[in-house]
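User: I would like to learn how to read the features of a protein model. Can we go through them one at a time?

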Amino acid sequence: MTVPTPTGPASANRSDVVDAIRDAVDVGFPTTVADLASLVRIPSVSWPAFDPAHVAQSADAVATLLRETGVFELVEVRRALVDDGSELGQPAVVASRPARNGRPTVLLYAHHDVQPPGKDEDWETSPFEPTQRGDRLYGRGAADDKAGVMAHVGAIRAFAEAAGDFDLGLAVFIEGEEEWASRSFANFLHENRELLRADAIIVADSGNWDLETPAITVALRGAVAFNVRIRTLAHASHSGMFGGAVPDAMLAAIRVLDTMWAADGSVAIAGLTSADLEPPAFEEAQLRAETGLLDGVTPIGRGSILSRIWAQPAVTVTGIDAPDVANASNTLVPEVRVRISARIAPGQDAGEAYEAIRSHLVANAPFGVDLGFEDVDQGQAFLVDTSGWAVEETRAAMADAWGTPPVDIGVGGSIPFIAELVEEFPEAQILVTGVEDPDSRAHSPNESLHLGVFKRALLSEALLFARLDAREPADS
């Protein structure tokens with residue numbers, strides 16, 4: 001691949017093109033928001049229990065938006081087999097416009113599938129009816145990540161309108177199963193390698209520091225999730241007849257799960273590591289405001305607040321299969337199934353972390369209980385190399401669009417497929433950006449997008465295209 005030579009701000013910030021891009025973003029923004037609202041109306045939940053026709057409809061809608069930009073030689077909806085080869089993954093959208101005259105190629109990633117909405121009563125407005133209140137657009141996927149999709153589309157529109165014909169290469173990959181473990185991701189990348197090959201990759205699936213400050217995500221925790229079956233009895237027994245003599249599965253579950261944390265809530269599992277990061281200051285009051293932590297409830301963990309989120313492991317029990325209260329009879333429960341979700345610090349292998357957690361649970365199982373493990377999912381953590389020209393140009397474009405320079409942030413969540421991008425395209429520079437802000441509530445009820453943040457993120461990307469298109473190719 002061609003590696004451009006830095007030419008400095010003067011050649012990249014041609015005032016005529018920059019002004020034209022700003023005008024194009026302003027004029028086109030209402031249409032961009034309307035197109036985003038149309039995508040939000042499609043309930044494209046990629047989980048198996050939901051209708052896959054909606055994901056297919058969403059993919060077709062995204063493909064139409066990319067075709068209508070008029071800049072791509074190819075736009076298609078494609079699928080690949082999942083890792084075990086048992087079925088096809090959800091539909092993804094690819095598009096390609098080759099670079100010319102030695103200019104770089106940028107791969108734009110986002111995903112068009114969304115999380116399940118949860119309970120309707122937890123939403124103030126219908127999850128799939130986009131609703132604007134003040135500066136925010138509410139709806140499932142309004143932020144994560146259909147706004148990422150539309151940031152790409154809107155930036156392409158504005159740049160193409162302002163620049164006319166251009167030499168920058170563009171490739172697009174809009175995934176359809178990111179919220180369901182990206183199971184066909186590696187196969188999809190391999191099958192479409194030549195189409196998606198790029199010098200830089202923009203992953204638009206993260207957030208910003210606040211409403212006025214952009215961010216580049218440089219650290220992501222890995223993920224390990226699995227089910228544990230805890231069984232003590234061959235069948236349920238009367239709690240009055242036998243309680244106090246034989247252990248029920250809920251007692252065993254509570255005992256073994258509790259061993260994973262110290263008294264302060266920090267993880268107490270040997271073999272899980274922390275990363276050496278230096279996060280900025282972050283006050284407890286801000287943590288409370290952003291998370292809804294109730295009065296009287298204290299934060300957990302040790303060290304600075306952001307080090308707990310960005311650089312340390314975390315373990316959460318996200319589900320328990322057991323009788324609910326409405327159906328609770330006076331019996332000793334014979335079996336409990338628990339879903340455990342762990343976040344792994346950057347720098348640790350996810351497989352190594354899983355074995356550490358598994359070994360800990362087995363070693364601490366009470367009463368001789370046998371544990372069964374199933375449905376293991378793993379995703380690698382990631383640290384971004386910020387020394388390349390693409391990061392330099394992105395910082396400049398963000399500063400121009402937002403009026404303030406970006407900050408480097410870590411994210412407690414995971415984007416496991418980034419490791420697969422690096423494996424398939426080892427020479428490409430990775431840029432993790434986003435349209436979210438601390439109040440977006442991705443994955444939660446009342447998910448929303450701040451339209452001012454969205455507009456500035458879109459403008460940043462369009463200005464980045466102009467900067468890269470203005471770079472001179474490297475000397476041969």
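Analyst: We start with burial: a residue is buried under 20% relative accessible area, exposed over 50%, and partly exposed in between, using a 1.4 Å probe and protein chains only. Helices (H or I, at least four residues) and strands (E, at least two) are DSSP runs, numbered from the N terminus. By these terms strand E17 is mostly covered, with eight of its eight residues buried. The model is predicted, so local features need pLDDT of at least 70 and side-chain atom pairs count only at pLDDT 80 or more, while totals for chains, interfaces and linings use all residues. Residues are numbered from 1 along each chain as its sequence is written, and side-chain values use heavy atoms, leaving out hydrogens and water.

User: Which residues of E17 point one way, and which the other way?

Analyst: In a regular strand the side chains alternate between the two faces of the sheet. In E17, Gln429, Leu431, Thr433 and Val435 point one way, and Ile430, Val432, Gly434 and Glu436 point the other way; all are buried.

User: Which strand is joined to E17, and by how many bridges?

Analyst: Two strands pair if DSSP finds at least two bridges between them. Strand E7 (residues 200-207) runs parallel to E17 and is joined to it by seven bridges. Ile201 is the residue opposite Ile430 in E17.

User: What is the order of the strands in the open sheet of four strands?

Analyst: The order is E11-E13-E9-E14, and the pairing is antiparallel. Strand E11 (314-321) and strand E14 (370-379) are the edge strands, each pairing on one side only. From one strand to the next the twist averages 20°. For angles, axes are lines fitted to C-alpha atoms, for helices over the stretch in contact, and angles run from 0 to 180 degrees between N-to-C directions. E11 and strand E13 (residues 335-344) run antiparallel and are joined by seven bridges. Ile320 stands opposite Val338 in E13.

User: Which helix packs on the sheet, touching E9, E11 and E13?

Analyst: Contact means heavy atoms within 4.5 Å. Helix H8 (residues 249-258) touches strand E9 (222-231), E11 and E13, and its direction makes about 15° with that of E13. Helix H11 (residues 350-363) also packs on the sheet, touching E9, E13 and E14; the direction of H11 makes about 165° with that of E14.

User: What span should H11 have?

Analyst: The expected span of a helix is 1.5 Å times one less than its number of residues. The 14 residues of H11 should span 20 Å, and its end C-alpha atoms are 20 Å apart, which agrees.

User: Which residues of H11 are buried?

Analyst: An α-helix has 3.6 residues a turn, so residues three or four places apart point the same way. The buried residues of H11 are Ala350, Gly351, Ala353, Tyr354, Ala356, Ile357, His360 and Leu361. These residues pack against E9, H8, E13 and E14.

User: How many aromatic pairs does a search of the whole structure find?

Analyst: Rings of Phe, Tyr and Trp (its six-membered ring) pair if their centres lie within 6.5 Å; planes under 30 degrees apart count as stacked, over 60 as edge-to-face and the rest as tilted. The search finds 13 aromatic pairs. In one of them, Tyr109 and Phe185 have ring centres 6.2 Å apart and planes at 65°, so the pair is edge-to-face. Tyr109 is in strand E3 (residues 105-111) and Phe185 in helix H5, 76 residues apart. Tyr109 counts as buried at 1% relative accessibility, and Phe185 counts as buried at 1%. Tyr109 and Phe417 form a tilted pair, 4.4 Å centre to centre with 45° between the planes. Phe417 lies in helix H13 (residues 417-424), so this pair ties together parts that are 308 residues apart in sequence. Ring pairs link Tyr109, Phe173, Phe185, Phe188 and Phe417 into a cluster.

User: Where is the peptide bond that is cis, and which value does Ser182 have for phi?

Analyst: Most residues other than glycine have a negative phi, and most peptide bonds are trans. The bond from Asp144 to Asp145 is cis, with omega near 5°. Asp145 is found in the loop between strand E5 (136-138) and helix H4 (146-163). Ser182, which is not a glycine, has a positive phi of about 45°. Ser182 lies in the loop between strand E6 (169-175) and helix H5 (185-191), and is buried at a relative accessible area of 9%.
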